[in-house]
Amino acid sequence: MFIDTHTHIYLPEFDDDREEVIARARAAGAEKLLLPAIDEKTLPRLLYTCQQWPDLCAPMLGLHPTELPESDTGGVLERMEAMLAMPGHPFVAVGEVGVDLYWDTSREEEQIRTFRKQAEWAANYSLPLVIHSRRAHCQIVDTLWPLRHKLRGGIFHCFGGTTDEARELLAFEGFCLGIGGTVTFKKSLLPSVLCEAVPLSRIVLETDAPYLAPTPHRGQRNEPAYIPLVVEKLSEVYGVTTEEVEAVTTSTARKLFWLSGFPQLIKPELIKNKV
């Protein structure tokens with residue numbers, strides 16, 4: 001069994017065969033699929049997907065750094081936080097949030113402010129924080145450091161940094177590194193970084209589907225059923241069985257997200273339309 005801690009199967013890339021993708025995930029051993037939000041307009045699709053498969057899919061809530069609206073970012077954040085304030089809300093984490101300076105640095109300060117605000121949600125509502133970081137390691141660390149004793153943990157999603165960066169991130173107690181298809185890439189330096197600096201107990205599995213499919217599917221659409229390929233590579237990296245990789249990472253994810261195994265109900269008012 002495994003938990004895919006980061007998959008976007010609610011996006012249009014899966015509209016033609018979502019049921020088959022879910023079936024393949026179950027057949028491959030998926031215990032849970034955790035769905036990170038990216039913006040306000042796709043949130044109804046995310047919640048509808050979780051409503052359709054409540055025993056398998058669980059939602060997160062957040063505004064992705066590359067999806068900041070042209071205006072009214074504050075309004076979007078207010079509406080999202082109001083959902084977190086609802087008693088019995090279904091969200092298992094604040095995510096996917098962070099800072100991304102790969103393509104555009106013009107809104108860096110706004111990205112950082114937005115990330116800080118959402119990190120404060122995680123602290124205030126006692127939820128794990130799922131962090132997107134691209135060309136922004138220092139900004140992420142500097143923003144999180146003042147909150148380090150208030151946060152209950154989280155994931156540095158799609159980690160691909162250096163040994164020193166891994167050690168710096170793991171200094172945040174309760175945080176793990178999200179490892180997916182990139183660890184299987186032929187020229188990836190990630191295996192050596194993991195061996196040198198990252199205990200297996202500080203890793204969780206993820207796909208980031210539909211992106212970053214593992215070898216031999218690189219360049220194709222990714223999906224949760226490919227997680228066993230990541231497990232196989234990690235078993236080589238750490239010199240343990242695939243069963244141990246699955247057991248350790250699944251246990252870590254369960255504890256991090258307080259996953260009880262029971263479906264959480266999605267209130268109809270949260271799903272305005274399926275889109």
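Trainee: How much space lies in the largest pocket?

Mentor: About 1,000 Å³ in this predicted model. Of the 36 lining residues, Ser133, Arg134, His157, Cys158 and Gly160 are the closest to its centre.

Trainee: Which elements give two or more residues to that lining?

Mentor: Strands S4 (94-100) and S5 (129-134), plus helices H5 (137-144) and H6 (163-170). The largest share, 4 residues, comes from S5. By class, you get 16 nonpolar, 12 polar and 8 charged residues in the lining.

Trainee: What makes S4 and S8 edge strands?

Mentor: The open sheet has 5 strands in the order S4-S5-S6-S7-S8, with parallel pairing. S4 and S8 each pair on one side only, and that makes them the edges. On average, neighbouring strands of this sheet are turned by 30° against each other, direction ignored.

Trainee: Why do S7 and S8 count as paired?

Mentor: Pairing takes at least two bridges. S7 (residues 175-179) is joined to S8 by 3 bridges, so the two strands pass. They run parallel, and Gly178 stands opposite Val204 in S8.

Trainee: Why is Leu205 called buried?

Mentor: The cut-off is under 20% relative accessible area. Leu205 comes in at 1%, so it counts as buried. Leu205 sits in strand S8 (residues 203-205), and among the residues it touches are Phe2, Ile179, Ile227, Val231 and Thr249.

Trainee: What lies across S8?

Mentor: Helix H9 (residues 242-257), running at about 95° to S8. H9 also lies across S5, S6 (154-156) and S7.

Notes. Residues numbered from 1 in each chain as written. Predicted model: local features only at pLDDT ≥ 70, side-chain atom pairs only at ≥ 80, totals over all residues. Heavy atoms only, no water. Buried < 20%, exposed > 50% of the residue type's maximum accessible area, 1.4 Å probe, protein only. Contact = heavy atoms within 4.5 Å. 1 Å grid on protein atoms, 1.4 Å probe; cavity = no way out; pocket = protein on both sides within 12 Å on 5 of 7 lines; lining within 4 Å. Points joined across faces, edges and corners; volume = space filled by probe spheres on them. Nonpolar A, V, L, I, M, F, W, Y, C, P; charged D, E, K, R; others polar. Axes fitted to C-alpha atoms, helices over the stretch in contact; angles between N-to-C directions. Lists of a residue's contacts leave out its neighbours within four places in sequence.
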